[in-house]
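Visitor: Could you walk me through how the ligand is held in this structure, and then through one link within the protein itself?

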Amino acid sequence: MQQFSNFLTHLECGLTGELHKAGIVHGLSKAGKPLLARYDLSAIKAGVDRDSVWSRGGGFWKWRELLPVSSSENVCALGEVDTPLIPLNTLHRSSQVWVKDEGRLPTGSFKARGLALAVAMAKELGLSHLAMPTNGNAGSALAAYATRLGMQSTVVCPDDTPSINIEETALQGAQVFKANGLINACGAWVKAGADAGKWFDLSTLKEPYRIEGKKTMGLELAAQMGWTLPDVIFYPTGGGTGLIGMCKAFDELLALGWLEKKDLPRMIAVQSTGCAPIVRAYENGERFAEVWQDAHTFAAGIRVPAAVGDFLILDGVRNSGGFAIAVTDEAIEHARIKVAREEGLLLCPEGAATYAAYLQSRADGTVTSEESVVLFNCATGLKYPMPNAGVALDLEIN
Ligand SMILES: *Cc1c(COP(=O)(O)O)cnc(C)c1O
């Protein structure tokens, strides 16, 4: 077993800054808000070279100095890769628009980043049974990594979750429940089980380490672009882990001197008009978002009526000079078809939402053609329903 040099020092409440000790199991902070992992960044700055980190293999595990895991035994590898940046150069010849395609990760979505870290830390801290609510992709990532580390997993999802997500999750070893309620109701059920001592609650942002996994999107993007960043990032925002994680990554990279302030992008939170609590709070100038009633959108990953990290998302968006924007399901579908037909790139609906939001922002002038843009496609398009196709051909006529 290899011990890593571990630079994790403590955890901090994302709202109050109150300190919490590392090395023991944590859920939310004492104030009921997400906890953020903190590292000895000056020691990393003094002893770690960014390019030698970037030259390692192992996908997101390569960032180990900036991750909380301390033993290689808990690094559970399922073939993680650095995900490609694909230019949309047919649709946008004169602008730089890239898709970061997270569908290439194990279990087909970027949930692998967050869950790999959350599960590894749960193992390191001695937990054995993990549970969470999910709209789809988080469940299969939890199942895969938990099974790989010999841990038990339980997943509950709304009963209209795409059957492929339910089936892939079950097949990879989780016990799966289909509930007659939305994700927040499923979350309440998981919390009740955790309070009763049945399992540990691994819900989005209710434990500190998923953010650390999602943070690697920001680290990877910076390295991939030659230690700089695009002008604008469009991110499909559900629980917001990825947006929060990337902002945290950029802060850490600044502190390390691996990026400069002028490199920082504007962060755009993209939601659906059928479920846009963050957009509404952004527009009303609020720091916390109210629960969205009657949430609906076929982009299930962003159908999240209430996010425990709402203020961290909104702070990240505002501090970066970005904004929050909602797009219709029709615009999402249209964007998905357009990118597939014209670029040969199949997006998931949530990824397509970022392209729809880009087009809308270009049309209303909030983003210009001079700005370089990265859109996040968070899952493989293959997991989602597609329009019927194929023309009948009768081989027996003549
Ligand atoms: C989970 C998920 C999202 C939302 O991600 P957050 O970081 O929780 O906001 C978006 N798209 C897909 C495909 C997802 O699975």
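Guide: A polar contact here is a pair of N or O atoms within 3.5 Å. Please keep in mind that this is a predicted model.

Visitor: Which residue has a polar side-chain atom 3.0 Å from an oxygen atom of the ligand?

Guide: The cut-off for a polar contact is 3.5 Å between N or O atoms. A polar side-chain atom lies 3.0 Å from a ligand oxygen atom, and the residue that supplies this atom is N137.

Visitor: How many residues of the shell around the ligand are charged?

Guide: The ligand is surrounded by 17 residues, with K111, K214, Y235, G238 and G240 being the closest, and both β10 (232–236) and α8 (241–256) supply at least two residues of this shell. Divided by type, the shell has six nonpolar residues and eight polar ones, while the number of charged residues is three.

Visitor: How far apart in sequence are the parts tied together by K100 and E220?

Guide: K100 and E220 form a salt bridge in which the closest N and O atoms are 2.7 Å apart. Because K100 belongs to strand β5 (residues 97–101) and E220 to helix α7 (residues 210–224), the pair ties together parts whose separation in sequence is 120 residues.

Notes:
Residues are numbered from 1 along each chain as its sequence is written. This is a predicted model: local features need pLDDT of at least 70, side-chain atom pairs count only at pLDDT 80 or more; totals for chains, interfaces and linings use all residues. Side-chain values use heavy atoms; hydrogens and water are left out. A residue is near a molecule or strand if one of its heavy atoms lies within 4 Å of it. A polar contact is a pair of N or O atoms within 3.5 Å; within protein, one must be able to donate a hydrogen and the other to accept it, and residues adjacent in sequence count only if both atoms are side-chain atoms. Helices (H or I, at least four residues) and strands (E, at least two) are DSSP runs, numbered from the N terminus. Ala, Val, Leu, Ile, Met, Phe, Trp, Tyr, Cys and Pro count as nonpolar, Asp, Glu, Lys and Arg as charged, and the others, Gly among them, as polar. A salt bridge is a side-chain nitrogen of Lys or Arg within 4 Å of a carboxyl oxygen of Asp or Glu.
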